[in-house]
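Let's take a walk through this one together.

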Amino acid sequence: MRLSVRQRFWRGVWVALKRRPSRILGVIIMALFVFMAIAGPWFYPDRLPYNVDNMYAPISWDHPLSTDFEGVDVLALVITGTRGVLLVAVAAGLVTMLVGTAAGLYAGYRRGAADSVLMRIADFALTIPGFPLLIVLTTAMNFGAWWKMALVLGLIGWGGLARAVRSQTLSLRERGFIEAARGLGLPTRHIVTKELLPNVAPFIATNLLMAVTGYIYAQVGLYFLGVLPLDTSNWGVMLNAAVFQSGALISPDALPYLLAPLGAILLLTLGVVLIVDALEEIFNPRLREG
Amino acid sequence: MSIVELSTETLPGVAISGLTIAYRTDAGELAAVSDITLGLPAGTITGLVGESGSGKSTLALSLLGAVQKPGRVTAGSVVIDGIGDITKLDEHALQSVRGAQIGYVFQAAQNSLNPLKTVGKQLLDLGRSHRVKDLRGLLREAKVLLSRMGLAAERVLDSYQHELSGGMRQRVGIMFALVLNAHLLVLDEPTTALDMITQANILQIVRDVHAERGLTTLIVTHDVGVVAEVADRMAVMYGGRVVEHGQTMEILGAPRHPYTRGLISAIPRLTGPVDAAKPLPGTPPTLGTIPRTGCVFRQRCPLRMEICDTVAPAMIGGVACHAVNETEQL
């Protein structure tokens, strides 16, 4: 039976996932978080039910992850906090992907002066310590809106991706099939977008997913340190309250309140890492079919 | 089988004259090809032989106007009938000529396919880039060519690069070069890295396709055997210059230039003692060590004379050598 290219691709994805069950686990974890981010807030009222008589409740079916300092269910907090965390991380990732890929492809394919200028800028972006810069920026700008935060995170983090894409492009542009494409008279736009880009795609995807986990840490870290307004639902806000208000580090009662958001971050990172592992095999038709 | 009219008007001849191509390096501009004048008569197969680094690939690329930076054409012209002087065309005009009128099969054609796309997908890319209206017709033409070369066309079009053998990829490369009905075909090392039987196959295909489609063909190779097999005419390159050119049979039967003689006597025979084959003494020059004045071959030449150090020999009667000219004039 002959399969179309698209069918072959999806079958290849399935084969790559099946080869290591851990990859399926990664997909399940990611799917869970995406579901929580999209649908999570629909299951809960805007103001989560609280009960000050039931602070730090013991773990039970009603409160599987205990309750916080005002008796709000911790599981509900984790679920409703997912949307904010993922929205910013994914949006920042998109900014990084666009800027980093464009800069890397252009610098690598054109070389020369444009390359030098773009890479000096990328080096500059790489050498600035991102997190301290973010803390400084929070005093100057209002990060309340998610898109502002995403824009700043994305613009700080594109240097690594640009470098990776550029070095890969430099190597690919000397390969026989690119030379042949030029020799057959294919236009430059076609060569860059249709011949080079798909071959760089696994590097972009891998770098991007790792960057996204970095953005999750950065954003949660900013909330945890309390440099951002704490009036939203975010895992960082939970960590901040657990440590600085509930004293989770010295009081064992409040420990689940601290560990729940930490566990969520850990699980999400694990999901990303497990999926990254499968990407190379999915993109490469040679590895795909085996 | 597509029937190509064998009228002389459609056959493009090529006239290379005074062509010099230099690469800009840290040591200044170095000429990889200097002052080459060579004609490819319409409808012939010309073999271009030379050692690695003799400038033969650079010369072949100049037919496409595709000399890569930091190299550039510093003097001379490459006039192709029906196209004009290719060194004067802008990038846009070059793109429409490449593939369509000039078919080029690259060195290491085994690596000339995009590893992420099937051959058929790449064929459609080629068609769209050259604004081919009738993509079905293009596919049909590709299938005709592939079947002509002994491949299962349907399967090949549906395959990725890694699913094809070296010889198959080479044939796919030739198909890409000819599918848009190019009449000038340039093959850069078409038989390198293939086994003997596949080599013989590919050469047979080149010869047949050349005759059937009425092409003007240039084969670049370091293998004199390949030239002897298929080429009507041959040119020998050394250190960026053509040192001898003419009818293949005449040159192979009675080589005149000391380098050509050296090349031919270095070929081992199937029978007889192994040391009957005499290797050329010395090593070929690299881009940086090509002599700037005088004859490029003099350091390895058994017929070296005083004049060779100062004056570059002119091409007289198909050979560029002071010693040969002197003896032949007597």
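Start with the open sheet in chain B of this predicted model. Six strands make it up, in the order β6-β7-β8-β3-β9-β10, and their pairing is mixed. The edges belong to β6 (102-105) and β10 (241-247) of chain B: each has a single partner strand, so one side of each is left without a neighbour in the sheet. Going from one strand to the next, the twist averages 15°.

Now zoom in on one pair in that sheet. Strand β7 (residues 184-188) of chain B runs parallel to strand β8 (residues 216-221) of chain B, and five bridges join them. If you'd like a spot to look for, B:V186 has B:L218 in β8(B) as its bridge partner. Lying across β6 and β7 of chain B is helix α6 (residues 166-178) of chain B, which runs at about 165° to β6(B).

Another helix to find in chain B is α10 (residues 258-265). Its buried residues are B:P258, B:Y259, B:T260, B:G262 and B:L263.

The UniProt record, an unreviewed entry, lists residues 82-276 of chain A as "domain: ABC transmembrane type-1". Across that stretch the chain is 82% helix and 0% strand, with the end C-alpha atoms 21 Å apart.

So where do the two chains meet? Here 19 residues of chain A are in contact with 25 residues of chain B. On the chain A side, α8 (176-183), α9 (188-225) and α12 (285-289) each supply at least two of the touching residues. The biggest giver is α8(A), with six residues. Sorted by class, this side of chain A has eight nonpolar, five polar and six charged residues.

Last stop: the largest nonpolar core, which has 156 residues. Those with the most contacts inside it come from both chains: A:L153 and A:Y215, along with B:L48, B:M175, B:L178, B:I219 and B:V236. Helix α3 (residues 74-110) of chain A brings the largest share of this core, 15 residues. For a closer look, pick A:Y215. Leaving aside residues up to four places away in sequence, A:Y215 touches A:V88, A:A89, A:A92, A:G93, A:L153 and A:G157.

How values were computed:
Residues are numbered from 1 along each chain as its sequence is written. Chains are lettered from A and ligands numbered from 1 in the order in which they are written. This is a predicted model: local features need pLDDT of at least 70, side-chain atom pairs count only at pLDDT 80 or more; totals for chains, interfaces and linings use all residues. UniProt positions are given in the numbering used here, feature names are shortened, and annotations may be inferred rather than shown by experiment. Helices (H or I, at least four residues) and strands (E, at least two) are DSSP runs, numbered from the N terminus. Two strands pair if DSSP finds at least two bridges between them. Axes are lines fitted to C-alpha atoms, for helices over the stretch in contact, and angles run from 0 to 180 degrees between N-to-C directions. Two residues are in contact if their C-beta atoms, placed from the backbone, lie within 7 Å. Ala, Val, Leu, Ile, Met, Phe, Trp, Tyr, Cys and Pro count as nonpolar, Asp, Glu, Lys and Arg as charged, and the others, Gly among them, as polar. A residue is buried if 20 or more other C-beta atoms lie within 10 Å of its own, exposed if 12 or fewer, and partly exposed in between; C-beta atoms are placed from the backbone. A nonpolar core is a set of buried Ala, Val, Leu, Ile, Met, Phe, Trp, Tyr and Cys residues joined through C-beta atoms within 7 Å.
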